[in-house]
Amino acid sequence: MIKKILFLIISSSLIFSCGYSPVYKNSDNSKLKIFITEMYGDNEVNNKIRLKLKKYSKNESDINYEIQINSSIDKIIASKDPTGKATDYEIKIQSSFNIKNNDITYTFDAQERFKYKRKDNNFDELEYERTIKNNMIDNIVEKLISYLSRK
């Protein structure tokens with residue numbers, strides 16, 4: 001009986017006092033309206049950034065941003081084994097955004113790096129690289145949106 005009462009008290013206090021609140025609930029991201037005017041550099045990265053920013057082009061807002069994107073991606077060998085075979089790689093994505101708002105031009109640069117070990121299976125390695133690139137692009141877009149919401 002005491003165990004049941006104690007369980008009810010503990011479980012109810014955990015449920016009602018968790019204090020969860022969404023991080024971006026009160027953000028001003030819905031007030032941004034973004035237009036991509038030009039894209040230079042790596043097409044794959046630019047297209048993924050454009051797709052992630054597409055939801056901001058439909059907003060009704062007085063704050064309009066025209067953005068030019070210039071992106072590059074590099075995959076380099078970070079280390080080799082004694083036979084000269086690559087064991088570790090590093091992927092680096094750099095994006096530069098020229099932002100125009102009410103005849104004022106800003107420049108925002110974002111860069112992401114990630115090192116990883118080579119996998120034995122080429123298909124698994126390609127899938128892993130694709131996942132890494134998507135996560136890095138997500139981080140770059142989040143940095144850009146955070147920058148724009150502070151302006």
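In the predicted model, the side chain of Glu112 makes a polar contact with the side chain of Lys143 at 2.7 Å (N or O atoms within 3.5 Å, one able to donate a hydrogen and the other to accept it; residues adjacent in sequence count only if both atoms are side-chain atoms). Residues are numbered from 1 along each chain as its sequence is written, and side-chain values use heavy atoms, without hydrogens and water. Local features need pLDDT of at least 70 and side-chain atom pairs pLDDT 80 or more, whereas totals for chains, interfaces and linings use all residues.

Glu112 belongs to strand β4, residues 104–117 (strands are DSSP runs of E, at least two residues, and helices runs of H or I, at least four, numbered from the N terminus). With a relative accessible area of 13%, Glu112 is buried (under 20%, 1.4 Å probe, protein chains only). Beyond four places in sequence, Glu112 touches residues including Ile91, Met136 and Lys143 (heavy atoms within 4.5 Å).

The four strands form an open sheet in the order β1-β2-β3-β4, with mixed pairing (at least two DSSP bridges between paired strands). β1 and β4 are the edge strands, each pairing on one side only. β2 and β3 are antiparallel over 14 bridges, and Asn70 stands opposite Ser96 in β3.

Helix α3 spans residues 122–150. Its N-terminal end is capped by Asn121, a side-chain oxygen of which lies 3.0 Å from the backbone nitrogen of Phe123. The buried residues of α3 include Met136 and Ile140; the buried residues of this helix pack against β1, α2, β2, β3 and β4.

Technical notes:
Buried < 20%, exposed > 50% of the residue type's maximum accessible area, 1.4 Å probe, protein only. Expected span 1.5 Å × (residues − 1).
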